[in-house]
Amino acid sequence: MPGQVVLETVLTVEVVGVELSDGLLATLGVITIVSLLVVSAFFSSSEIAMFAFPNHRIETVVNEGKRGSRALQSLKNDPHRLLVTILVGNNLVNIAMSSIATGLLAYLLGNQSQAVFIATFGITGLVLLFGESAPKSYAVENTETYALRIARPLKFAEIVLFPLVWLFDHLTRLVNSVTGGRTEIESSYVTRDEIREIIETGEREGVLEEDEREMLQRTLRFNRTIVKEVMTPRLDMTAVSLDAPIDEAIQTCIRSGHERLPIYDGGLDNVVGVVHINDLVRDHTYGEGGGDLASVIEETLHVPESKNVDELLSEMREKRLNMVIVIDEFGTTEGLVTVEDLVEEIVGEILEGGEDEPIEFVDDDTAMVRGAVNIDDVNEQLGVELPEGEEFETIAGLIFNRAGRLVEEGETIGYNGLEIRVEHVENTRILKARITGLGSSPEPALTPDQDEPSTE
């Protein structure tokens, strides 16, 4: 047959005028296939090692001057091209193996159907075992050392395959732009949720202490927290009128236990500044300021309740302020925020004197929670999943939202297998609530009818 003649002609090689025997030809074919299998393993393991290598370690290994670190940095700077290089090289090698095996078997067996069948399953098995599974397992276990070792050869492969890499790199980007897609390889490898999982795993493995884990998680949450969630509300503010005498302001500072007090003119919605007890005592003792509050008042900021606390902390540090006033969209005073309030969002509650803990465990199944405690903190410390809505951020807000009205001491609401009992109410404010059911497994969320508060 003409095809058979052509195939025999192609596979017939003469070395120094001597025609190769079938045995020698088979030996050369096997050597070629084994060599290509090694190259396939190189590209497969490179993909795992390169993309498992953490980006934050690149600068470190470069600064340490480790061999291959510069090539590694160059490759990781363009992850999309790196991926295209690996895929182009791997596919070329695998297809070449399959083609050579098919042609060799067809020549030796004289049956193309058998050759295709044997080559397909044979090469697939070899590639899966020695070109994919084994080398990738090794790369996972030795990510850093292996990535540094193969960085230079991979950079060389990128140069050799440059025409194909350039072509497929641009074709891929073109297809993505037309379809509106985006390769995941171009996005961050680490998300906030993954960082949280790493932190929790670190605690389980004993690498992190519980308080370290809590601080790290609060730090991650800090730049997504708004002023409204950390402020001292208007009802808890202690302020002094601008017309009050110095000694009255000093007495107010002493009774409230605060070093600084907001000063208002005419009403709390018109806070004109802040005074410090040191300035008050100095003026009262030495009369340096004229004997009135206007002489010792310090300017302050008025910030919206929706302002990000991360931005606010930077602004307060820049302007050297310790207290700012929080206002709503109508300019009404909603509360105040101190540097201590912002720091507590990271390090946890800073208690003074006989101040109670915001969350106290009564037993394994019960906890007492202050009404002003943020729901995120409750969920984190108690291991529950209480909801947080746009209208409220605290336990007291959750109770009012579920009840739809003012509540009294002794009333309870149920949510997701938990029972929340109102323990202490002052005027209309919920100061403390008891949460029970922490040790039970969560149940489906209750319906509004089931959530209706009951009086015990």
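In which helix do E132 and K136 both lie, and how many residues apart are they? Both belong to helix α6, four residues apart, which is about one turn of the helix. The legends below concern a predicted model, in which local features need pLDDT of at least 70, side-chain atom pairs count only at pLDDT 80 or more, and totals for chains, interfaces and linings use all residues. Residues are numbered from 1 along each chain as its sequence is written, and side-chain values use heavy atoms, with hydrogens and water left out.

**Figure 1. Overview of the chain and the confidence of the model.** The chain contains 18 helices and 15 strands; helices (H or I, at least four residues) and strands (E, at least two) are DSSP runs, numbered from the N terminus. Of the 456 residues, 39% are buried, where buried means under 20% relative accessible area, exposed over 50%, and partly exposed in between (1.4 Å probe, protein chains only). The accessible surface comes to about 25800 Å², and carbon and sulfur atoms account for 54% of it. Such areas come from the Shrake-Rupley method with a 1.4 Å probe; for residues, only the protein chains shown count as cover. A contact means heavy atoms within 4.5 Å; among contacts between residues at least 6 apart in sequence, 58% join residues at least 24 apart. The mean pLDDT, the predictor's confidence in each residue from 0 to 100, is 81, and 86% of the residues reach 70 or more. Over residues 1-19 the pLDDT is below 50, and this stretch has 12 contacts beyond near neighbours in sequence. Residues 441-456 also stay under 50, with 29 contacts beyond four places in sequence. Where pLDDT is low, the predicted coordinates should not be read in detail.

Figure 2. A nonpolar core is a set of buried Ala, Val, Leu, Ile, Met, Phe, Trp, Tyr and Cys residues joined through side-chain atoms within 4.5 Å. The largest one has 36 residues, of which F43, M50, L72, L82, M97 and L154 touch the most other members. Two or more residues are given to this core by each of α2 (22-52), α3 (58-63), α4 (69-76), α5 (79-109), α6 (112-141) and α7 (143-160). Beyond four places in sequence, F43 touches T85, I86, G89, N90, V93, L154, A157 and L161. A second, separate core of 26 residues includes V407, Y415, I430 and A433. In soluble globular proteins, nonpolar side chains tend to be buried together.

**Figure 3. A nonpolar surface patch and helix α8.** Patches are made of residues with over 30% relative accessible area and no salt bridge, with like charges joined within 9 Å and nonpolar side chains (Val, Leu, Ile, Met, Phe, Trp, Tyr) within 5 Å. This patch, of about 820 Å², is made by L92, F162, L164, W166, L167, F168, L171, L174 and V178. Helix α8 (residues 162-179) supplies the largest share, eight residues. L164 has its place in helix α8 and is partly exposed, at 32% relative accessible area.

Figure 4. A salt bridge is a side-chain nitrogen of Lys or Arg within 4 Å of a carboxyl oxygen of Asp or Glu, and the structure holds 17 of them. Side chains of opposite charge can pair when their charged atoms come close. Between E132 and K136, the closest N and O atoms are 2.8 Å apart. E132 is buried, at 17%, whereas K136 is partly exposed, at 24%. In helix α13 (residues 277-286), D279 and R282 are three residues apart, or about one helical turn. Their side chains meet in a salt bridge of 2.8 Å, N to O, and R282 is partly exposed, at 38%.

**Figure 5. A salt bridge between two helices.** R221 and D377 form a salt bridge whose closest N and O atoms are 2.9 Å apart. R221 lies in helix α10 (residues 210-222) and D377 in helix α16 (residues 375-382), so the pair ties together parts that are 156 residues apart in sequence. Both R221 and D377 are buried.

**Figure 6. The surroundings of H276.** H276 belongs to strand β6 (residues 271-276) and is buried, at 10% relative accessible area. Residues up to four places away in sequence aside, H276 touches E259, R260 and E298.
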